[in-house]
Amino acid sequence: MSATDAVQGTTGRGLYRALALRRILLLTALLAALALSFAVDLALGPANYPLADVISALLFPDAAELQIRVVIWDIRMPVALMAISVGACLSLAGAQMQTILANPLASPFTLGISAAAGFGAALGLVLGVAIIPAAVHYMIPLNAFVMAMAASLFIYFFSTFRGVTVQTIVLLGIALVFTFNALLSLMEYLASEQALAAVVFWTMGSLTKATWGKVYATFAVLIVCIPFFVRNSWALTALRLGDVKAQSFGVNIRSLRLKTLIGVSFLAAIPVSFVGTIGFVGLVGPHVARMLVGEDQRFFLPAAILCGALMLSATSVVSKILLPGAVLPIGVITALVGVPFFFALIFADRRNSW
């Protein structure tokens, strides 16, 4: 090796270390912002508490006043944690959908998974139909979960057909959106006034019915799926270079896409079955993460998780601020934020490498 090559190698390693340090600092900043948003979310409500009292109640619950401890830990904590877990799940699902489909508009919302969940919930709310009769007490979330998984599995099996491309899968997802939205409209037409109000409220998305059981379930699916994505981070990064290059690196593209799609299905179906339709988190979160840290999955994965969690946590805070004393449906707020970003994506710089 010549002296010039050695200098260039040293310079390259230095630049990589600087870039990696910058990404780590950005991830740390996102984590700090999420912690602050989480604390503010706990502080706001019908009765507002000083941020210092909230932090004290979190760190020293036994020393806090009984009222603050009950409100923070028993009432607001499940909702605040649900916002974080659902945002993380949806953003991670959207990130991996965009990776395996090479499409910037891929997300649980745009591929019909959320619409399928809405139709499943409407079956229970309007017709009283339980897809799993043995669990009639959990009819609404189970109906939503089963329909969301059915839509995901339909996409999965369709993608196994010979000659099916990623563009075909995206078009199939769009067709599912229109199909399930039409079926949902039919349910709304047939519904009574009370059932119609329940369906509309569910499709707007809400965190108000969060429970510790739902929080555990959403965090559990994260804990199960993240190790798989981390283990395949190199292959997923290579996939963003194109199928031909990824194959030349020894990546089994077909197997990777199918396994990733299964994980994404659980990440999207379980949260949506609990909180209703929340759009654009799975679309916006990954793009923000990509702009901050790039395509390297070692940094992109945690960034997407943190961006989605921060986005929904901050949305929960905004929903409490806009109308004091009332909590707006969180799906409405995310749509208001996501639609302008959606248009920005459509008219983005054409030099984008998608």
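Modeller: A polar contact is a pair of N or O atoms within 3.5 Å; within protein, one has to be able to donate a hydrogen and the other to accept it, and residues adjacent in sequence count only if both atoms are side-chain atoms. This is a predicted model, where local features need pLDDT of at least 70 and side-chain atom pairs count only at pLDDT 80 or more, while totals for chains, interfaces and linings use all residues. Residues are numbered from 1 along each chain as its sequence is written, and side-chain values use heavy atoms, with hydrogens and water left out.

Biologist: OK, which residue's backbone oxygen lies 2.7 Å from a polar atom of the side chain of S319?

Modeller: S319 sits in helix α13, helices being DSSP runs (H or I, at least four residues; strands are E, at least two) numbered from the N terminus. The backbone oxygen that lies 2.7 Å from its side-chain polar atom belongs to S316.

Biologist: And is S319 buried or exposed?

Modeller: Beyond four places in sequence, S319 is in contact (heavy atoms within 4.5 Å) with A326, V327, L328 and I333. Buried means under 20% relative accessible area, exposed over 50%, and partly exposed in between (1.4 Å probe, protein chains only). S319 has a relative accessible area of 2%, so call it buried.

Biologist: On to N143: which residue's backbone oxygen lies 3.4 Å from a polar atom of its side chain?

Modeller: N143 is part of helix α5 and is buried, at 1% relative accessible area. Leaving out neighbours within four places, its contacts are G120, A121, L123, G124, V129, A130, I131 and I132. The one with a backbone oxygen 3.4 Å from a polar atom of the N143 side chain is G120.

Biologist: How many residues apart in sequence are the parts that the F145 and F266 pair ties together?

Modeller: A search of the whole structure finds 7 aromatic pairs; rings of Phe, Tyr and Trp (its six-membered ring) pair if their centres lie within 6.5 Å, with planes under 30 degrees apart stacked, over 60 edge-to-face and the rest tilted. In one of them, the ring centres of F145 and F266 are 6.5 Å apart and the planes are at 45 degrees, so that pair is tilted. F145 lies in α5 (residues 139–159) and F266 in α11 (residues 253–275), so the separation in sequence is 121 residues.

Biologist: I262: how far apart are its C-alpha atom and that of Y156?

Modeller: I262 lies in helix α11 and is partly exposed, with a relative accessible area of 37%. Y156 is 106 residues away along the chain, yet the C-alpha separation is 7.5 Å.

Biologist: What is the volume of the second largest pocket?

Modeller: Grid points are joined across faces, edges and corners, and a volume is the space filled by probe spheres set on the points. The largest pocket holds about 520 Å³. For the second largest pocket, the figure is about 420 Å³.

Biologist: Which helix gives the most to the lining of the largest cavity?

Modeller: The structure holds 1 cavity of 30 Å³ or more, and the space in the largest cavity is about 40 Å³. Its lining includes L90, S107, F109 and F280. Giving 3 residues, the main contributor is helix α12.

Conventions:
On a 1 Å grid over the protein atoms alone, a cavity is a set of points where a 1.4 Å probe fits but cannot get out, and a pocket is an open set with protein on both sides within 12 Å along at least five of seven lines; lining residues have an atom within 4 Å of a point.
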